[in-house]
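Visitor: I would like to learn how to read features in a structure. Please take me through them briskly.

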Amino acid sequence: MKAAVLTFPGSNCDRDLAVAFEQAGAEVHRVWHKDTDLPVGIDIVAIPGGFSFGDYLRCGAIAAQSPIGAAVRAHAARGGYVLGICNGFQVLTEMGLLPGALMRNAGLKFICKPLELQVATRDSAFTGGYEKGQRLMVPVAHHDGNYTADAETVARLQGEDRVAFTYSNNPNGSVGSIAGILSENRRVLGMMPHPERASEASHGSTDGAALFRSLTGALALA
């Protein structure tokens, strides 16, 4: 599997994300935001956490308009896989690849700590390595992680089994305790928690590693 990990000014999890993919057996290519094309043969584009462009305007708003953005949209449009983590999730909503928006945390404070998640579906290449209802310990680090969408959108996400992860104890006010969602074709995942920071024993949890293994396994068989 070939993965492209993007980097924007202000990204701070791009190396962690690249390492997590490499540990799962992927061939990783690093892509700068001013590039206009993805490397040939890319299977998945990964947008990392951080504070792209200092979170000016709105979190992810400027990154979504970067030169590489058109290539990411085209990749998704032809059925390619995309993973956005934390700021990457914010970028995906700004690109229109996922519905809803990430708003300021309900408590108006930056949250940085391990949290328990529940796997809401295993019907995706991202979550197939877990069991539905499985509890995971994965860290979060965000100030604007409050997932917000209108009632119709939330009902559609839940009705179509597109909620990937939920928080066991909602830390930020997200509607439905939503921590991650899937696109209609289930090939784009946005999530606020950081599985790349829970992918080896030295992190204190390895619960995130199965996401990357699941992806490489699913795409190897595709």
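Guide: Start with burial. Buried means under 20% relative accessible area, exposed means over 50%, and partly exposed lies in between (1.4 Å probe, protein chains only). Helices (H or I, at least four residues) and strands (E, at least two) are DSSP runs, numbered from the N terminus. This is a predicted model, in which local features need pLDDT of at least 70, side-chain atom pairs count only at pLDDT 80 or more, and totals for chains, interfaces and linings use all residues. Residues are numbered from 1 along each chain as its sequence is written, and side-chain values use heavy atoms, with hydrogens and water left out.

Visitor: Which residues are buried in H3?

Guide: The buried residues of H3 are Asn-87, Gly-88, Phe-89, Gln-90, Val-91, Leu-92, Thr-93 and Met-95. That is eight of the nine residues in the helix. Just after H3, Gly-96 takes a positive phi of about 85°.

Visitor: What does Gln-90 touch?

Guide: Contact means heavy atoms within 4.5 Å. Leaving out residues up to four places away in sequence, Gln-90 touches Cys-59, Gly-60, Leu-102, Asp-144 and Met-192. Gln-90 counts as buried because its relative accessible area is 5%.

Visitor: How should I read a cavity and a pocket?

Guide: Both are sets of points on a 1 Å grid over the protein atoms alone. In a cavity, a 1.4 Å probe fits but cannot get out. A pocket is an open set with protein on both sides within 12 Å along at least five of seven lines. Lining residues have an atom within 4 Å of a point. Grid points are joined across faces, edges and corners, and a volume is the space filled by probe spheres set on the points.

Visitor: How many cavities of 30 Å³ or more does a search of the whole structure find?

Guide: One. The largest cavity holds about 60 Å³ of space. Its lining consists of Gly-50, Phe-51, Asp-55, Cys-59, Cys-86, Gln-90, Phe-110, Ala-141, His-142, His-143 and Asp-144. For classes, Ala, Val, Leu, Ile, Met, Phe, Trp, Tyr, Cys and Pro count as nonpolar, Asp, Glu, Lys and Arg as charged, and the others, Gly among them, as polar. The cavity lining has five nonpolar, four polar and two charged residues.

Visitor: Which residues lie nearest the centre of the largest pocket?

Guide: Arg-58, Cys-59, Glu-94, Leu-102 and Asp-144, out of 13 lining residues. Two elements, helix H3 (87-95) and strand S5 (101-103), each give two or more residues to that lining. The volume of the largest pocket is about 200 Å³. Its lining divides into five nonpolar, three polar and five charged residues.

Visitor: What does a positive phi tell me?

Guide: Most residues other than glycine have a negative phi. Here, Phe-53 has a positive phi of about 55° although it is not a glycine. Asp-55 is not a glycine either, and has a positive phi of about 60°. Phe-53 sits in the loop between strand S3 (44-47) and helix H2 (69-77), and Asp-55 is in the loop between S3 and H2. Phe-53 is partly exposed because its relative accessible area is 22%. Asp-55 is also partly exposed, at 21%.

Visitor: How do I read a nonpolar core?

Guide: In soluble globular proteins, nonpolar side chains tend to be buried together. A nonpolar core is a set of buried Ala, Val, Leu, Ile, Met, Phe, Trp, Tyr and Cys residues joined through side-chain atoms within 4.5 Å. The largest core here has 67 residues, and Leu-6, Phe-21, Leu-83, Phe-126, Phe-165, Leu-189 and Leu-211 touch the most other members. Helix H5 (residues 209-221) gives the most to this core, with five residues. Beyond four places in sequence, Leu-211 touches Leu-83, Phe-126, Tyr-130, Phe-165, Leu-189, Met-191 and Pro-195.

Visitor: Is Gly-217 buried or partly exposed?

Guide: Gly-217 is partly exposed, with a relative accessible area of 32%. Gly-217 is found in helix H5. Its C-alpha atom is separated by 8.6 Å from that of Met-1, 216 residues apart along the chain.

Visitor: Which side chains make a polar contact with the side chain of Ser-168?

Guide: A polar contact is a pair of N or O atoms within 3.5 Å; within protein, one must be able to donate a hydrogen and the other to accept it, and residues adjacent in sequence count only if both atoms are side-chain atoms. The side chain of Ser-168 makes one with Glu-116 (2.7 Å) and one with Arg-135 (3.3 Å). Ser-168 is in the loop between strand S9 (163-167) and strand S10 (178-182).
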